[in-house]
Amino acid sequence: MADARPIDATKTHVSLEHKHERPLVACRFDPTGRYVFFGAEDNLVQRFDLSAKTATPLAAHDSWVRALGCSPSGDVLYSGGYDGRLIFWPAADEKPRPARVIDAHQGWLRALAVSPGGEQIATCGNDNLVKLWDAADGKLVAQFAGHAAHVYNVAFHPAGKTLVSCDLKGVLKEWNWASGKHQRDLNAAEALYKYDTTFRADIGGARGLAFRGDGKQLAVGGITNVTNAFAGIGNAAVELLDMAEGKIVVQLEAKEKVNGLAWGVAYHPDGFWIGLTGGGGGGWLYFWKGEGFSEKTAIEFFKLKLPNDGRDLSLSPDKRQVAVAHADKTLRLYSLFEKTA
Amino acid sequence: MARVATVAAIVFYALVTAWCAPMVADDEVGRATGNGTSKAALHERIDELIEAAAIGPLTPVCSDADFVRRVFLDLTGVIPTGGQARAFVVDSRGDKRQRLIDELLASAEFLRHMTATLDVMLIERRADKVVNQADWEAYLYQSVADSKPLDRLFGELIQADGHDEKQRGAAKFALNRDAEPNAITRDLGRLAFGMDLQCCQCHDHPLINDYYQDDYYGLFAFVQRTSLFTDTKTKLVSLAEKADGEASFKSVFTGASQDKTTPRVPKGAVLFVEPQFTKGQEYAVAPAKDVRGVPKFSRRGALAEMLPGSEEFARNMANRLWALMFGRGIVHPLDFHYAGNPPANPRLLTLLADEFSEGGFQVRPLLRAAALTRAYQRTCEAPQPEMVNFADVAARVEQLERNKLVKQKTVEPLAEALAQAKAAFKQVRDEDVRIVAELSGLEKTVAEARQSLEKIAADRRNAAELVTQIEKEATAVSVAAGKLSVAATALPGEKVLIEAAEKVAARSAELTVSAEAARKTSQQPGRVEADAAQGLANAEAALAAVIAKRPAVESLRKVEQTQLAAQHRLAEANYGVAQCDAQIAAAKALGEYAVLAKSDPIKAAAAWSGIVEKWTIAGQVAALKPLSADQFAVSAMQATGILRGQVAAVDEKLEKKPPEAMKTAEGAERQRVKLNLIQMEMLGQLRGTNAEFVRQYGGLLGEEFQATVNQALFFGNGATIDAWLKPAGENLVARLWKIEDTRALVDEMSWAVFSRAALENEETAVNDYLKNRTDDRAVAIGEMVWALLSSSEFRFNH
Amino acid sequence: MKCQYACHSADHLFSRRSLLGAAAGGAAAVASGLGGALAATPGVAEQIKRKHKRILNVFMHGGVSQLETWDPKPNTDTGGPFRAIATSVPGIHICELLPHTAKQMHHLAIVRSLNTKNQDHGKGQIEMVTGRNRMLGTDYPHLGAVAAKTLTPEGRFPLPGHILIRGGGGGTGQAAYLGPKYAAVVMEDGKPPAYTDRLASLSAEADARRSAFRAAASDRFAGRRRTADTDAYTFSYDQAADLLTQREVFDVAKEPAKDHDRYGKHEFGQHCLLARRLLEKDVPFVQINHSNYDTHFENFDFHIEQLGEFDLPFATLVADLAERGLLEDTLICVMSEFGRTPKINSRYGRDHWGTAWSVLLGGAGIQRGACIGKTNDNGTAVTEREVDHGHVFHTLLAGIGVDSKGEFDIGGRKFPVADPAKGPIKELLA
């Protein structure tokens with residue numbers, strides 16, 4: 001029976017902890033709210049049953065799994081791994097076996113997204129490609145080439161017929177998945193990329209990517225102000241784009257700058273953004289909202305220090321909880337309302 | 001302490017000389033027959049020893065032109081200007097060479113050169129840190145100017161802690177090495193004692209039979225208590241020293257180990273006694289967090305005081321100074337004094353070492369004597385076979401073999417003597433060590449005895465106090481009892497009162513009893529106490545007795561000196577034999593050459609160059625010494641007239657803004673002060689210019705000569721040299737450009753670059769070169785000057 | 001008791017004089033048989049045997065991860081996300097980030113059991129290239145200096161013996177007591193060494209003219225006194241002249257366009273192509289620095305990038321050297337200052353780790369396809385055949401035919417060629 005306590009981000013607290021043998025790298029609520037699926041520094045996907053508090057391993061990947069998604073009904077789980085594979089699973093089976101295994105990308109498959117209607121799955125990876133798969137038969141529907149660097153993340157526009165992808169260098173491309181064509185380039189999230197001349201290497205990429213519920217804004221999470229790429233000295237930041245103009249309108253950042261990456265970002269229908277950090281500055285949840293709901297500003301109105309670095313974030317279907325994949329081998333759920341004594 | 005030559009030696013020298021006679025000028029024969037003990041001037045005695053040991057020809061004295069260039073380079077680090085060279089050559093005074101030597105030794109250029117030389121010798125081009133180069137050079141410059149004895153200079157380098165401003169410069173030696181005890185041990189071993197003991201840090205030296213791990217740790221023990229200290233407020237980095245810590249080691253190969261190594265000068269004296277302080281009293285300033293520890297007794301200080309007494313120090317320093325003039329040590333390489341690497345001329349090194357220490361470790365007199373020798377002033381031109389009489393080589397070899405036998409006979413008794421001296425020393429030393437061990441035990445007994453006595457006394461005092469206490473109470477109570485009983489009898493009806501009176505009376509009785517008892521204890525005859533007192537007395541007596549048995553430090557030193565002396569005598573005898581072998585080899589080489597000359601001219605040529613090299617080492621031919629990177633750079637600047645320009649600029653600057661030192665001085669003194677200031681300023685300026693030369697040509701003393709492609713590329717394509725060859729102001733090319741007459745031009749160029757007059761064929765060469773170059777005559781002249789600068793005549797000190 | 005472990009005489013290490021003698025002989029500029037005579041000394045004969053041996057050393061600055069390269073531990077708590085792939089040598093697997101190098105493994109060998117007991121960059125750099133434990137205030141010669149001293153071809157060989165192609169990452173290639181002749185000639189970012197360009201103001205003719213004048217002056221002086229030193233000095237100018245005629249050796253642009261495509265236009269590709277060019281010209285030692293691998297953060301992303309840059313050009317270079325018959329005489333080494341921690345930190349990084357890591361060797365004198373030593377299942381300790389920088393240094397020299405247990409004789413001073421307490425990894429030598 002539904003919990004009556006009102007949403008109050010400033011009362012966010014840990015409501016559940018689950019220990020695993022390895023550090024976690026990814027997590028996703030399933031649409032029914034029964035499970036949280038998560039990936040870790042092993043080759044397994046775990047299905048954590050929120051009522052039973054038990055985890056069921058899903059074994060078929062040959063590397064870490066960072067990309068997770070579900071069909072709208074919650075019947076099918078989609079997992080994408082650093083082995084380049086996209087795997088379909090019967091999400092609710094007692095002992096799920098892969099329903100379909102697709103060698104989707106050369107090198108890492110870094111992220112996947114499921115279309116609002118569930119018809120298609122988008123994946124992206126280190127072959128600089130974005131690919132579109134038919135949810136029904138797993139066939140390749142479209143392949144979007146154009147990125148000149150590893151593609152770090154992908155997201156479907158909630159309303160329209162487009163999806164957006166972002167690469168290592170912060171280049172943002174919008175693709176029309178109906179026509180299978182490149183629609184436009186958004187303003188690159190340049191602040192989230194740097195070539196470190198000392199170490200002669202690139203640092204950047206969208207570690208988190210999410211649309212606002214109404215699709216008017218896109219949030220891109222990463223790292224900025226990098227002074228030492230190899231020590232991770234830089235600040236977690238989220239770039240907020242206005243989709244109409246395709247321009248960055250504001251940068252969401254911590255009031256007191258925090259070292260690390262914005263590993264996850266989500267929009268809460270009550271009108272605030274949630275950001276997750278991990279890295280040198282440790283794990284934090286940040287909550288931003290526009291001043292008087294202005295879309296050109298964003299004020300941090302609350303932050304919560306987490307027990308450990310966060311690596312992925314998922315908002316529950318009822319929007320009352322977030323799941324966080326932690327580096328300390330723990331899955332934690334945080335409730336966005338007051339804790340009852 | 002000049003040694004008396006053995007009879008055998010005298011005979012031997014006479015013989016060799018007889019053979020050399022045909023090749024030695026008559027007046028020299030007379031001297032050569034003398035032995036090293038005559039009190040002739042030092043340079044005379046040096047020549048006697050060299051010439052007496054010579055096998056084969058001694059080349060004649062070099063030309064004035066060669067000499068002026070050579071002595072300028074060796075004493076001031078730079079070639080003379082054309083003018084200086086010319087002036088010297090035309091000077092007709094018979095004693096002009098001696099005059100020039102003295103003049104240069106007194107010059108500010110000598111101070112600059114010695115400062116730079118000492119800097120390279122002591123810091124070896126390490127990156128500048130902690131103490132800045134300027135302070136360090138100022139310290140060295142002043143030391144040389146003050147004729148500071150080398151033992152004191154090294155003493156200061158070892159002792160200075162860099163805390164006191166005045167010691168800042170001297171402390172660079174240790175501070176620049178991060179006060180790392182192993183780095184300091186290695187470099188003191190090399191630079192102060194001529195022994196590179198580094199291998200012995202981990203094991204006895206694998207290649208050198210008489211470098212041992214305890215030699216290394218004996219020296220290490222002097223510096224191991226020293227460490228870097230940074231003042232948290234001033235950020236000043238200086239040296240701190242602990243009052244404890246002993247050197248221990250374990251061989252990585254044999255596993256042999258020693259856990260307490262007594263400080264010892266390498267192959268020399270042991271630090272027998274160190275003042276003992278009771279716990280907590282060892283420090284003048286006790287070390288603590290942010291507090292620099294300063295012990296009352298400094299082991300570094302002790303080492304500094306032991307330097308002048310070390311024969312190894314004297315021999316090493318004499319050898320290094322000799323190498324500055326001759327381009328090679330009598331013991332070579334300089335860092336490897338040991339039995340397997342005998343001095344080329346043993347008695348010569350001993351003579352120099354003795355003269356050096358007896359003369360108070362003064363640098364100038366030794367350099368002066370070296371410069372005055374015929375050996376130094378010989379020409380570098382190689383003798384030709386025609387100069388040698390090969391007829392009786394075989395006979396000479398036999399003769400030398402016989403002499404070797406004679407010398408060998410002297411070895412055994414000396415070895416025996418050393419064995420005995422060693423045994424004697426070991427005995428007293430072991431005894432002393434045993435006693436020291438025993439002492440610590442006895443000291444403990446005494447302490448314990450004293451303690452128990454004190455305890456007993458204390459008990460007695462407490463008992464006495466108790467008595468007085470009880471007696472006080474007793475009297476008080478008995479008084480009360482008295483009064484009560486009076487009252488009680490007065491009021492018989494008062495039951496309570498009567499009971500009280502009885503109680504108090506009873507109490508009073510009790511107290512009287514216990515007071516009596518306590519008195520007894522306190523007054524007991526102090527039997528136990530007396531015994532304890534006796535015990536203490538006995539323990540102290542025992543301690544005193546053992547201390548009395550301990551040999552006096554003086555006697556220890558005496559036995560040690562005997563041993564060290566025996567050690568040196570034996571070494572010298574062995575070196576003598578080794579020298580015979582060298583002479584025999586030299587003589588045989590001549591024989592082999594004679595054979596080859598007939599059969600195989602190519603092999604013969606190689607053999608001959610080998611022989612000439614032997615003669616060079618023996619001081620019979622002047623060596624060809626490559627200029628050091630600094631000498632090369634500065635001399636090129638001198639030749640091209642750049643140096644003069646820089647000096648003039650500094651001079652002008654000083655005249656414009658004369659510093660205090662100059663203002664207060666007058667006349668000649670003012671001039672002297674100014675010249676010093678100029679050369680000190682030049683030190684800094686030249687370091688910059690020389691840096692690239694050092695990178696290309698190498699910059700360490702005694703480094704092997706290397707001619708590299710990169711050097712040639714640098715010299716040919718570098719902007720630095722090119723700039724010096726563009727006509728400007730009064731520089732050489734500009735001056736030559738103005739000269740119409742070729743003869744005059746060639747001469748000016750030759751004096752400036754080669755410090756000599758031009759030769760006939762050089763004039764024609766220049767004439768040819770300048771043909772059809774009228775439109776770019778300056779360029780052509782620049783090309784020629786470059787060519788002369790890059791020729792081997794300029795590259796070497798000859 | 002004296003310890004007499006193997007410290008052989010240095011006879012086999014030809015002396016400087018014999019080398020210079022040979023030089024003079026080759027130059028034959030001046031009359032007298034002296035040069036020829038010296039040329040006939042055994043040292044040179046010895047050297048001719050070892051003629052044209054070379055070393056290529058690739059230094060991965062910052063500390064490359066052994067787990068992402070030569071000693072993968074897939075699907076373990078320390079293994080990271082990458083898979084191991086088969087190589088051209090059955091049984092040897094390396095990280096999937098090196099597919100091209102894997103195909104060349106039959107020319108190469110791996111040592112998986114280094115324990116260098118060090119986690120400091122500076123110390124690691126020095127110790128790996130000198131084969132000695134660092135001692136404050138003491139300089140030991142860089143591997144390149146030792147190689148240059150022992151391998152430089154006799155006669156008129158004008159090129160530097162020790163070249164450092166620096167693309168990020170430090171290192172000076174110090175020669176220490178071997179002297180400036182053997183110090184690294186640096187090609188900063190692949191650019192030609194200093195002073196290899198004639199000054200604009202000086203024409204080739206003018207240069208020849210003044211050189212003739214110089215030679216005449218030196219000959220006049222040789223009439224007074226001539227030594228191996230004077231010969232060497234005059235000869236160095238002849239060599240410099242030769243070098244200027246060959247300076248295109250330093251210009252990688254002169255390589256065919258298709259090779260530029262094969263190696264890649266980026267820095268490391270260009271430097272590998274340049275190295276091939278130099279090795280073909282018998283330069284005895286070439287080091288390429290590849291920077292940087294100090295991945296305390298996002299170790300996996302950065303290794304994808306850096307090794308992605310390394311793999312193809314390096315593999316192409318190995319293949320080319322083999323195909324051109326140069327590998328027989330060219331020893332290859334890929335080293336780093338240390339490896340990286342098996343433990344993955346909370347920032348997906350790996351930290352400094354000298355306890356159990358790997359180096360790659362190959363080519364001349366090395367057992368091709370060998371794999372020496374083992375670490376435990378998750379790479380946290382050496383379990384078999386532990387070695388360190390000293391052993392690797394000995395092995396490299398032994399591989400090119402230098403007696404690493406011998407000594408150098410520098411002006412009468414004896415210096416062990418390598419750490420006397422260590423020795424070569426015998427089973428790794430061909």
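1. Where is Lys267(B) found? This is a predicted model, by the way. Lys267(B) sits in the loop of chain B that runs between strand S4 (257-261) and strand S5 (283-285). Have a look at its backbone: phi is near 55°, a positive value, and the residue isn't glycine.

2. You'll find Tyr195(C) in the loop between strand S6 (185-188) and helix H7 (204-222) of chain C. Most residues other than glycine have a negative phi, and most peptide bonds are trans.

3. Now the cis peptides. His332(B) and Pro333(B) are joined by a cis bond, omega near 0°, and Pro333(B) is in the loop between helices H14 (311-326) and H15 (346-358) of chain B. The bond from Ser291(C) to Asn292(C) is also cis, with omega about 15°; Asn292(C) lies in the loop between strand S7 (285-291) and H11 of chain C.

4. On to helix packing. H10 (residues 267-280) and H11 (residues 299-323) of chain C pack at about 20°, axes 9 Å apart, so H10(C) is roughly parallel to H11(C). The crossing is right-handed. Residues making the contact include Phe268(C) and Leu279(C) from H10(C), and Phe310(C) and Leu317(C) from H11(C). By type, the contact residues are 9 nonpolar, 1 polar and 3 charged.

5. Last, the B–C interface. Here 81 residues of chain B touch 62 residues of chain C, burying about 6,100 Å², 62% of that from carbon and sulfur atoms. The interface has 4 salt bridges. Arg209(C) pairs with Glu783(B) in a salt bridge, closest N and O atoms 3.4 Å apart.

Terms used. Residues numbered from 1 in each chain as written. Chains lettered and ligands numbered in written order. Predicted model: local features only at pLDDT ≥ 70, side-chain atom pairs only at ≥ 80, totals over all residues. Heavy atoms only, no water. Axes fitted to C-alpha atoms, helices over the stretch in contact; angles between N-to-C directions. Helix = DSSP H or I, 4+ residues; strand = E, 2+ residues; numbered from the N terminus. Parallel < 35°, antiparallel > 145°, perpendicular 65-115°, else oblique. Left-handed = near helix turned anticlockwise from the far one by under 90°. Contact = heavy atoms within 4.5 Å. Nonpolar A, V, L, I, M, F, W, Y, C, P; charged D, E, K, R; others polar. Buried area = accessible area lost by both parts, 1.4 Å probe. Salt bridge = Lys/Arg side-chain N within 4 Å of Asp/Glu carboxyl O.
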